[in-house]
Amino acid sequence: MSRIQSAYEHRYRELLLRFGARRPDQGVHWLLQRAERLKNEANLSPADALTHVARDLAAKSLKTRHPASDGKGMRFFCDSGLGGLARWLRGAGYEAFWEPSIDDFELLQKAKGLSATVVTTDSLLMERRVVRDRVIPALWLPPTLSIPEALAFVFHEFGLKKREPRCMSCGGELRRESKEALGERIPPKTFKWLDEYFVCNRCGKLFWRGTHWHKIENELEKIVR
């Protein structure tokens with residue numbers, strides 16, 4: 001629990017500084033006490049209580065968002081445990097990189113080369129000097145969050161807006177292609193009733209606005225509205 005608490009302390013301090021707090025260390029101590037009281041009063045786990053306090057603080061602040069132009073041009077590099085989040089970020093229109101089993105050093109180096117913001121649940125990664133000194137931008141996510149909650153957290157943190165979807169497999173942009181040009185790649189039954197198709201400009205995967213697409217769109221609307 002000490003590692004998790006340390007990460008929350010970092011998060012609390014960051015939010016307090018955005019408020020312009022003159023005594024952030026004192027504020028962090030008070031917030032930790034508040035989380036402890038909440039844990040006992042509401043019978044929550046320590047992690048859930050710490051998360052609740054962090055969310056409450058962020059929601060009350062008008063300065064909780066990083067200086068970004070509605071997320072335009074933002075890229076993300078999710079750590080090895082956040083493959084699901086990377087897919088949903090892509091579906092929401094953002095370029096999100098992810099590699100299974102990537103170690104912290106390689107993750108940071110690749111994120112730096114891509115000018116991408118690291119998204120991680122690893123509190124130790126947040127203690128690396130290049131992250132502490134903001135050489136490489138990074139956002140720590142509470143490990144107790146579900147994928148929809150994590151996506152909402154990222155959207156709130158950076159003031160993002162839902163954009164045209166990207167390929168959920170690799171994050172490439174989708175370009176519209178004529179059904180005639182795609183030929184036998186389209187399933188026969190789909191070919192008969194649908195005219196609009198898209199191809200990823202990176203991996204070449206074929207997409208169309210079928211039931212699965214609309215289900216994803218509906219889920220995203222619920223999460224990021």
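Let's start with a pairing: strand β5 is joined by 4 bridges to strand β6, residues 197–200, and the two run antiparallel. Two strands pair here if DSSP finds at least two bridges between them. The model is a predicted one, in which local features need pLDDT of at least 70 and side-chain atom pairs count only at pLDDT 80 or more, while totals for chains, interfaces and linings use all residues. Residues are numbered from 1 along each chain as its sequence is written, and side-chain values use heavy atoms, with hydrogens and water left out.

**The chain as a whole**

- The protein chain holds 10 helices and 7 strands. Helices (H or I, at least four residues) and strands (E, at least two) are DSSP runs, numbered from the N terminus.
- The C-alpha trace spans about 65 × 40 × 30 Å along its principal axes.
- Of the 225 residues in the protein chain, 44% are buried. Buried means under 20% relative accessible area, exposed means over 50%, and partly exposed lies in between, using a 1.4 Å probe and protein chains only.

**The antiparallel sheet**

- Three strands make up an open sheet in the order β5-β6-β7, with antiparallel pairing.
- At the edges sit β5 (174–177) and β7, each of which pairs on one side only.
- On average, neighbouring strands of this sheet are turned by 40° against each other, direction ignored. The axes behind that angle are lines fitted to C-alpha atoms, for helices over the stretch in contact, and angles run from 0 to 180 degrees between N-to-C directions.

**The parallel strands around β3**

- Strand β1 (residues 75–78) pairs with β3 in the parallel sense over 3 bridges, and C78 has V119 in β3 as its bridge partner.
- β3 also pairs with strand β4 (residues 138–140), again in the parallel sense over 3 bridges. Here V118 stands opposite A138 in β4.
- Strand β3 (residues 117–120) is covered on both faces: T117 and V119 on one side, and V118 and T120 on the other, are all buried.

**Cysteines**

- The count of disulfides comes to 0, where a disulfide is a pair of cysteine sulfur atoms within 2.5 Å.
- C170 has its closest cysteine sulfur in C200, but at 3.4 Å this is too far for a bond. C170 is buried, with a relative accessible area of 17%.
- For C78, the closest cysteine sulfur is that of C170, 14 Å away, which is too far for a bond. C78 is buried as well, at 0% relative accessibility.

**The second largest pocket**

- This pocket has a volume of about 310 Å³. Of the 18 residues that line the pocket, M168, F207, H212, W213 and I216 are the closest to its centre.
- How is such a space found? Rolling a probe the size of a water molecule over the atoms shows where empty space is left.
- In detail, on a 1 Å grid over the protein atoms alone, a cavity is a set of points where a 1.4 Å probe fits but cannot get out, whereas a pocket is an open set with protein on both sides within 12 Å along at least five of seven lines; lining residues have an atom within 4 Å of a point. Grid points are joined across faces, edges and corners, and a volume is the space filled by probe spheres set on the points.
- α4 (83–91), β7 (206–208) and α10 (211–224) each supply at least two residues of the lining. The largest share, 5 residues, comes from α10.
- By class, the lining has 9 nonpolar, 5 polar and 4 charged residues. Ala, Val, Leu, Ile, Met, Phe, Trp, Tyr, Cys and Pro count as nonpolar, Asp, Glu, Lys and Arg as charged, and the others, Gly among them, as polar.

**Loop residues to look at**

- S101 has a positive phi of about 65° although it is not a glycine. S101 lies in the loop between β2 (95–98) and α5 (104–114), and it is exposed, at 71% relative accessibility.
- S115, also a residue other than glycine, has a positive phi near 55°. S115 sits in the loop between α5 and β3 and is exposed, at 63% relative accessibility.
- L82, in the loop between β1 and α4, is buried, with a relative accessible area of 11%.
- The C-alpha atoms of L82 and E164 are separated by 22 Å, and these residues are 82 residues apart along the chain.
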